[in-house]
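Me: Hi! I am new to protein structures and would like to go through this one with you, step by step. Could you show it to me?

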Amino acid sequence: MSAKPAVLLVDDEPDMLSSLVGLLRREFEVHTAESGEQALEIIAANEIDILMTDQRMPGMTGSSLLQKVCEQDRVPVLILFTGYADIKSVVDAVNTGQLFRYVTKPWDPDDLTELLHAAATERRQRVVADRLDAEASQCAALGRDLVDQLRGAGDVAPITLERFVGSCDRLAELCTSPDRDKTGE
Amino acid sequence: MATREPVMLIVLIETGEFRWYAAGVDRNSEVTPLVRSPSNDLSPYVAQPYDEQVSFLRHRLSGVLQRGCDRLFGRGQKPALIVLVADGLFLEAVPELTQRVADHFVQWMTNPPVVFLVLGQSRADKRVIAGDWPAAERAAFEKAWPALAAAQSQEDLWELIETRR
């Protein structure tokens, strides 16, 4: 994640985007898209931490966009906003879109900024959790390799030992990261 | 968190022209014209199935509220009550449409609360069709009402918003 969390705002109304950009640009790296299709192109070309999309847009709806984004490898924290209580869109977004929050118009700018910072924290925690998972798997594989080598010739290849120690160090570092989600402990 | 002055956000809906105006009214009944649409901004609901009419008007009017609130926030103010005022029932639709849209905003938006009014034969004849209208806010609104009407006739006072169809 860069110093400023990267937020992608999606709304077919340019003046809405412009208001949001004015509100958020000091604290976030802001990208904008006027359609779901354009949003997917931006996500493919950039590291996006938070995706905040309107629900009702011509062409691809917000919940359809979230569904497509969830099929990709890098899934940002997802926020859907809308001006009306369309229960079906909420259900779709929650069930298929890994939704972080559902926001209704009009929003209070302070509340929205706070929400986006919470989303950025969520994103950092997910990144650390993903790295933790990957490193734990790597460490376990190396540990098994070491055991196999000790059981066989009884000698351990120095490179395997070095990699195992390195992996243990990274694992320890990730376990004590301030961005690690403590709720999963 | 910034401390903002609580004001009323007033949305005037001209059903015949299918357009809207959004203004702020403070506790001293001072009127601040904010944004307006061109004619026919609301007309896409006409000839749509009923549910689509409701959906469109909810979406379009909540966009109006968002824009109005954005302009208030930019002035160091915040909406404490939203007053939607239609100069009649939505045209070329069943009469229930206006009530359904009014009920939606009152039920869905609790902070700030919403009151929905419909004007009768004259501008002085105002009927609450959804929501509660507290006495103090009602008095401030009534005092501001002539200034609101005067501002409506001066289009240059308002920021024009061109929304997409």
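**Strands and pockets**

Reply: Happy to! In this predicted model, B:Leu12 stands opposite B:Val85, a residue of β4(B).

Me: In which sense do β1(B) and β4(B) pair, parallel or antiparallel?

Reply: These two strands of chain B are linked by nine bridges. The sense in which β1(B) and β4(B) pair is parallel.

Me: And which residue is the bridge partner of B:Leu9 in β2(B)?

Reply: β1(B) also pairs with β2(B), residues 19-25 of chain B, in the antiparallel sense over seven bridges. Within β2(B), the partner of B:Leu9 is B:Gly24.

Me: Which residue in the turn between β1(B) and β2(B) has a positive phi?

Reply: The two strands form a hairpin, with four residues between them. One residue in that turn has a phi of about 55 degrees, and it is B:Phe18.

Me: Is strand β1 of chain B mostly covered or mostly open?

Reply: Let's count residues, taking buried to mean under 20% relative accessible area. The strand runs over residues 5-14, and eight of its 10 residues are buried. That makes β1(B) mostly covered.

Me: Which element gives the largest share of the lining of the second largest pocket?

Reply: This pocket holds about 300 Å³ of space and is lined by 13 residues, with A:Ser19 and B:Arg4 among those nearest its centre. Two or more lining residues come from each of α1 and α5 of chain A and α1 of chain B. The largest share, four residues, comes from α1(A).

Me: Last one: which element of chain A has the lowest mean pLDDT?

Reply: Chain A averages a pLDDT of 85, and 92% of the residues score at least 70. Among its elements, strand β2 (residues 29-33) has the highest mean, 98. The lowest, 71, belongs to helix α4 (residues 87-97) of chain A.

Conventions:
Residues numbered from 1 in each chain as written. Chains lettered and ligands numbered in written order. Predicted model: local features only at pLDDT ≥ 70, side-chain atom pairs only at ≥ 80, totals over all residues. Heavy atoms only, no water. 1 Å grid on protein atoms, 1.4 Å probe; cavity = no way out; pocket = protein on both sides within 12 Å on 5 of 7 lines; lining within 4 Å. Points joined across faces, edges and corners; volume = space filled by probe spheres on them. Buried < 20%, exposed > 50% of the residue type's maximum accessible area, 1.4 Å probe, protein only. Pairing = 2+ DSSP bridges. pLDDT = per-residue confidence, 0-100.
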